Amino acid sequence: MWSAAAGKDLAAADLVRVTVTEIFAARFVTPALQHLRVHHPEIDVEVLPDHRKLDIGRRQADIALRDRRPEEPGLICLRIARFSFMLYASTEYLKSHPSPERGKGLAHQDLVAWMYILPAPTLQFMNESTDGARIAFRAKIS
């Protein structure tokens, strides 16, 4: 927690700000808050569902849950989970589009872009280039 990282003694009743991506907030953090509330009712938690980097040093957030290791020096990091992505396609789609082959990229495929994952044409997704892929639908939560 912030108190350990900053060397300060914060009372358990202090507000704890947790910055987390929208999908992590909805899927993992919000459901866990019930357990926290039962066992530590004195802790107030504010969930900040946002992908922007908030400055922990300036207490814009106390805890950041992210999908990659932070680059800022002096932060205490702990891996709490592993996750992976998969590609899915309907049988209808596969009737009219060739199935992608590993190592050959996703060019000419119609993709559903999940939040910030596929906005850049040079991005790698599952170690495959998205260069030449078409974004058929973009879902962004913010």
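Two strands count as paired if DSSP finds at least two bridges between them; helices (H or I, at least four residues) and strands (E, at least two) are DSSP runs, numbered from the N terminus. The model is predicted: local features need pLDDT of at least 70, side-chain atom pairs count only at pLDDT 80 or more, and totals for chains, interfaces and linings use all residues. Residues are numbered from 1 along each chain as its sequence is written, and side-chain values use heavy atoms, with hydrogens and water left out.

Select strand 1 (residues 15–20) and strand 2 (residues 44–49), which run parallel and are joined by 6 bridges. Val20 has Pro49 as its bridge partner in strand 2.

Next, select strand 3 (residues 63–65), which pairs with strand 1 in the parallel sense over 3 bridges. Here Ile63 is the bridge partner of Val18.

Now select Thr19, in strand 1.

Finally, select helix 2 (residues 22–39), which forms a right-handed β-α-β unit with strands 1 and 2: with the strands pointing away from the viewer, the path from the first strand over the helix to the second runs clockwise. In helix 2, Phe24 and Phe28 lie 4 residues apart, about one turn of the helix. Phe24 is buried at 15% relative accessibility, whereas Phe28, at 54%, is exposed (over 50%).

Key: Buried < 20%, exposed > 50% of the residue type's maximum accessible area, 1.4 Å probe, protein only.
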